[in-house]
Amino acid sequence: MRAKHFNYFLAACGLLLAIALAIATPAGAQEGMGGETVVIEEGQVVEDDLYVGANQFVLRGRINGDLYVAGGTITIEPSGVVEGDLGAAGQSVTIDGQVNGDARIA
């Protein structure tokens, strides 16, 4: 009989944990950019995750976080650095720079 009550207790704890995780808002900062053309110039540093939607995206600077970009032409030039992961979806994706995390390209 004690095992049955213990199983109910575990199920209730799991349900409470699931509800708490569903309600909790994750704390985290992020930046977003968009437009026809977005360029992160050499010497420019983004100290966060960056989300970009643009027809043309060029990275010459540094992203100290993850970079997620969707567009027509996506270029990471030799001076461009992504310290985290890269997620890129576009008609043309060129990576001549450095990506220190995982790269997912479509």
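Strands β5 (residues 67-76) and β7 (residues 86-95) pair in the parallel sense, with nine bridges between them. The model is predicted. β7 also runs parallel to strand β9 (residues 103-105), joined to it by three bridges. The loop between β4 (62-63) and β5 holds G65 and D66.

**Strand pairing**
- In the β5 and β7 pairing, V69 stands opposite A88 in β7.
- In the pairing of β7 with β9, G87 stands opposite R104 in β9.

**G65**
- G65 has a relative accessible area of 12%, so it counts as buried, the cut-off being under 20%.
- The C-alpha atoms of G65 and E83 are separated by 5.6 Å, although the two residues are 18 residues apart along the chain.
- Leaving aside residues up to four places away in sequence, G65 touches D48, D49, V82, E83, G84 and D85.

**D66**
- D66 is buried and has no salt bridge.
- The nearest side chain of opposite charge to D66 is that of R104, 7.3 Å away; a salt bridge requires a side-chain nitrogen of Lys or Arg within 4 Å of a carboxyl oxygen of Asp or Glu.
- R104 is also the residue in β9 that G87 stands opposite.
- A polar contact (3.5 Å) links the side chain of D66 to the side chain of Y68.
- D66 touches D48, D49, L50, G84 and D85, again leaving aside residues up to four places away in sequence.

**Contacts of both loop residues**
- D48, D49, G84 and D85 are among the residues touched by G65 and by D66.

Notes. Residues are numbered from 1 along each chain as its sequence is written. This is a predicted model: local features need pLDDT of at least 70, side-chain atom pairs count only at pLDDT 80 or more; totals for chains, interfaces and linings use all residues. Side-chain values use heavy atoms; hydrogens and water are left out. Two strands pair if DSSP finds at least two bridges between them. Helices (H or I, at least four residues) and strands (E, at least two) are DSSP runs, numbered from the N terminus. Buried means under 20% relative accessible area, exposed over 50%, partly exposed in between (1.4 Å probe, protein chains only). Contact means heavy atoms within 4.5 Å. Lys and Arg count as positive and Asp and Glu as negative; His and the chain ends are not counted. A polar contact is a pair of N or O atoms within 3.5 Å; within protein, one must be able to donate a hydrogen and the other to accept it, and residues adjacent in sequence count only if both atoms are side-chain atoms.
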